[in-house]
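Please keep the sequence and the coordinates at hand while reading.

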Amino acid sequence: MDATMPDREQPQSLWAIWWNAILVLRPAFSRLRTFMWFVTAVAGLTVRLELLGVTSIVRALNLRPRLYTKLLAHFHSSGIKLDRLSALWAQAVLQLFPSPVRVNGRLVLVGDGIKAPKRGKKMPAVKLLHQQSESNTKPEYIMGHSMQAVGLLVHAAKSVFSVPLAVRIHEGLVWSNRDKRTLLDKMLGLLDILAIKVPFYFVADAYYAAGKMVRGLLKQGNHLVTRVKSNAVAYAPATPKKGQKKKGRPKTYGQKKKLKSLLKDPKSMLQVASPVYGEHNVILRYCVRDLLWRPVGLLVRFVAVIHPTRGACILMCTDTTLSAVDIIRLYGLRFKIECSFKQAVRQIGSFAYHFWMKDMIPLRYHNGNQYLHRKSADYRSRVKRKMRAYHAFIQAGVVAQGLLQYLAVVAPKLVWDSFGSWLRTIRPGIPPSELVVANALRQTLPDFLLAPAKTNSLTKFITDRQDTQNMRIFRLAS
């Protein structure tokens, strides 16, 4: 069966397309029942009205109350192969979405970190985190989970989506005092888990402008597009002097150059209509220099950009064949992962998990990393089990959000026909948002569940577990 198209025996519906798309994840689960519980959780995350953890999933699908513990146990199941699930989801996204963003034949991946506030005293990996934000609505320090995420940029009508691929908690636990991995190492590890064989550009903010990140990407044939700090320096290639032969290795680095000096003479810079997403009638000034960057000892491309209202910045790309305009355009799309985070937090609730570890040593407020290398093997295994539950819940949210974006791209007319509500303005050329698609799925869920169970195993799985004493909402909708 083609995973991108609904079953021909079923009527064309949003849920039929949704079900056929998620089927490709089946190999990531050791048992069919485990897979069906995961699909049920994703469906619940998609249509729920409140972001209250597993409880809201039970209410959204009208499951029997005693199945709350069953659903809770599912997220802790060892039958979920998390790394395989993330890799299969990345492959599914590449197959499902018809037009991913490509530049020079390469895909475009975006990465960033996000902090989810948590105050549970018995939640592993919760620690004091510093929030570097220009918004005065956020506290400077919070207790929570620090995660890193990767998304794929895809075209959606006249817009662009950042489809989430994977999210992992990368701070808070120290398993060994010999573990010297940094967040950059863990981000490279997350990219390896996705197992994307197609070459890509990885777009990230200035935190990832480091030699370790560049070397890790170049080793796999990929490139980094990022911004560098204002105090960064680079070097011109050394020019050998004729007639002089000296012992030893030839000089590599020539004159040192402060990169902010590229911005000193705006009048000498080139001008171009802004290629940044969403900007019109804006002229940018820029200049390009290929210089040696000491952290990697390689020639990289620096682009100094002056925006008439947003100020100046210096971009860097390890691919010296990529044009300056494309570098500006790619970095201008980095904010799409921030939009994806906003939907994950406010619409999907991907980080609204509340799994406590009953026998965990309680945390203190302002607690830092939790060092586990001296704990017993049994205690460490229970912490790993709880972390696996967090990641399983987060990955379910990732899949739920990606499927909402998929329906918005491939079936926008069907979404609007099933919306069942009213919006003041529907902009032409802009795909429906995750909120609109979720509402359309919520409106059509009763009809999907009341269809003959023999045509869809998901329908039978959910209806067999529903609370038949409280079916008023489904009767009204049907």
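**Basis of the values**

This is a predicted model, in which local features need pLDDT of at least 70 and side-chain atom pairs count only at pLDDT 80 or more, whereas totals for chains, interfaces and linings use all residues. Residues are numbered from 1 along each chain as its sequence is written, and side-chain values use heavy atoms, with hydrogens and water left out.

**Cavity and pocket**

On a 1 Å grid over the protein atoms alone, a cavity is a set of points where a 1.4 Å probe fits but cannot get out, a pocket is an open set with protein on both sides within 12 Å along at least five of seven lines, and lining residues have an atom within 4 Å of a point. Grid points are joined across faces, edges and corners, and a volume is the space filled by probe spheres set on the points. By these criteria the structure holds one cavity of 30 Å³ or more, and the volume of the largest cavity is about 90 Å³. Its lining comprises 16 residues, of which Ala149, Pro164, Val167, Ser340 and Phe341 lie nearest the centre. Helices (H or I, at least four residues) and strands (E, at least two) are DSSP runs numbered from the N terminus; in these terms strand 4 (141-156), strand 5 (159-169), helix 9 (336-348) and helix 10 (377-410) each supply at least two residues of this lining, and strand 5 gives the largest share, five residues. When Ala, Val, Leu, Ile, Met, Phe, Trp, Tyr, Cys and Pro count as nonpolar, Asp, Glu, Lys and Arg as charged, and the others, Gly among them, as polar, the lining of the largest cavity has 11 nonpolar, five polar and no charged residues.

The second largest pocket has a volume of about 670 Å³, and 27 residues line it, with Ile169, His170, Trp175, Arg181 and Lys186 nearest its centre. Two or more lining residues come from each of helix 5 (82-96), strand 5, strand 6 (173-174), helix 6 (183-194) and helix 10, and the largest share, five residues, belongs to helix 6. By class, the lining of this second largest pocket has 10 nonpolar, seven polar and 10 charged residues.

**Salt bridges**

With a salt bridge taken as a side-chain nitrogen of Lys or Arg within 4 Å of a carboxyl oxygen of Asp or Glu, the structure holds 14 of them.

| Asp83 | Arg168 | 3.5 Å |

Asp83 and Arg168 form a salt bridge, and because Asp83 lies in helix 5 and Arg168 in strand 5, the pair ties together parts that are 85 residues apart in sequence. Relative accessible area is classed as buried under 20%, exposed over 50% and partly exposed in between (1.4 Å probe, protein chains only). On that scale Asp83 is partly exposed at 43%, whereas Arg168 is buried at 5%. Asp417 and Lys413 both lie in helix 11 (residues 412-417), four residues apart, about one turn of the helix, and Asp417 at 54% and Lys413 at 62% count as exposed. Elsewhere, salt bridges that share partners join Asp112, Arg334 and Glu338 into one network.

Gln405, in helix 10, is buried at 2% relative accessibility. Contact means heavy atoms within 4.5 Å; leaving aside neighbours within four places in sequence, Gln405 is in contact with residues including Phe97, Phe161, Pro164 and Glu434. A polar contact is a pair of N or O atoms within 3.5 Å, where within protein one must be able to donate a hydrogen and the other to accept it, and residues adjacent in sequence count only if both atoms are side-chain atoms. The side chain of Gln405 makes such a contact with the side chain of Glu434 at 3.1 Å, and a polar atom of the Gln405 side chain lies 3.4 Å from the backbone oxygen of Ser162.

Gln131 lies in the loop between strand 3 (127-130) and strand 4 and is buried at 15% relative accessibility. A polar atom of its side chain lies 2.8 Å from the backbone oxygen of Pro139.
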